[in-house]
Amino acid sequence: MARKTKEEAQKTYQALLEAAQRLFIKQGIANTTLNHIAKEAGMTRGALYWHFENKDALILALWEDGAGGFNQEITHALEHLSDVEKPDVAFREILHSMIAAVLNDPKLSQSLKIIMNCVEITDEETPLRAYLQDKYASYFSSMAIALGYLKNQSMLKVELSADTIAAGLLSYLYGLVNSHLEPTKLIDLERDGIDLIDLYLNSFLK
């Protein structure tokens, strides 16, 4: 009986996440209330509040559900370039895999779309903002570790620091993905994504 209850709770949790994702994409985060999400999922407010304290908690859960596992894989691969025979080739393949994941994993791309547009530009420090800053810092740290290793192996052709290259590369990636996810789709990531990534990588990789 306990197992059945746990399974039902997980189904409710997933149904709420899916309802929130649909509404966030359809009408925006600011225009979506917890009541809207509960109604969309066919649940009571009590069921929603049992799983999520507030809207920020829902956004965090969506991020973990859609991107958490992939993020761990990428950061682990970046931090362990020293374990592979051709780290420069592996680094390029990691970046290619990030583009492929955005194109081929709908849950990941929808999570990114929500996250990229959910934080207001204010001076207020919220748990959601702190969480997202921590995730960015983790990506930045892993990228800098990878680039630092490549630099030590004389595989870079520029004298910039690993931190500077990492910051530029992450900004470039963010711009590509955000442009792809925008309704106007200024960039066709499926057609040009790999070429655009290689264009940037070729500027500092030997």
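How much of the chain counts as buried? Of its 206 residues, 40% do, where buried means under 20% relative accessible area, exposed means over 50%, and partly exposed lies in between (1.4 Å probe, protein chains only).

## What you're looking at

This is a predicted model, where local features need pLDDT of at least 70, side-chain atom pairs count only at pLDDT 80 or more, and totals for chains, interfaces and linings use all residues. Residues are numbered from 1 along each chain as its sequence is written, and side-chain values use heavy atoms, with hydrogens and water left out.

## The overall layout

The chain has nine helices and zero strands. Helices here are DSSP runs of H or I with at least four residues, strands are runs of E with at least two, and both are numbered from the N terminus. The C-alpha trace spans about 60 × 40 × 35 Å along its principal axes.

Now for contacts, meaning heavy atoms within 4.5 Å. Take those between residues at least 6 apart in sequence: 68% of them join residues at least 24 apart.

## Getting to know helix α5

Helix α5 covers residues 87-104. Its 18 residues reach 25 Å from first C-alpha to last, close to the 26 Å expected (1.5 Å times one less than the number of residues).

Several α5 residues are buried, including Phe91, Ile94, Leu95, Met98 and Val102. The buried residues of α5 pack against α4 (55-79), α6 (106-115), α7, α8 (162-181) and α9 (189-201).

## How α5 meets α7

The axes of α5 and α7 (residues 127-152) come within 10 Å and cross at roughly 155°. That makes the two helices roughly antiparallel, a label for angles over 145 degrees. An axis is a line fitted to C-alpha atoms, for helices over the stretch in contact, and angles run from 0 to 180 degrees between N-to-C directions.

From α5, the contact is made by Pro87, Asp88, Phe91 and Met98. On the α7 side you'll find Tyr139, Met143, Ala146, Leu147, Tyr149 and Leu150. By class, that's nine nonpolar, no polar and one charged residues. Ala, Val, Leu, Ile, Met, Phe, Trp, Tyr, Cys and Pro count as nonpolar, Asp, Glu, Lys and Arg as charged, and the others, Gly among them, as polar.

Most residues other than glycine have a negative phi. Ser154 isn't a glycine, yet its phi is positive, at about 60°. You'll find Ser154 in the loop between α7 and α8. Ser154 counts as partly exposed because its relative accessibility is 48%.

Methods
Parallel < 35°, antiparallel > 145°, perpendicular 65-115°, else oblique.
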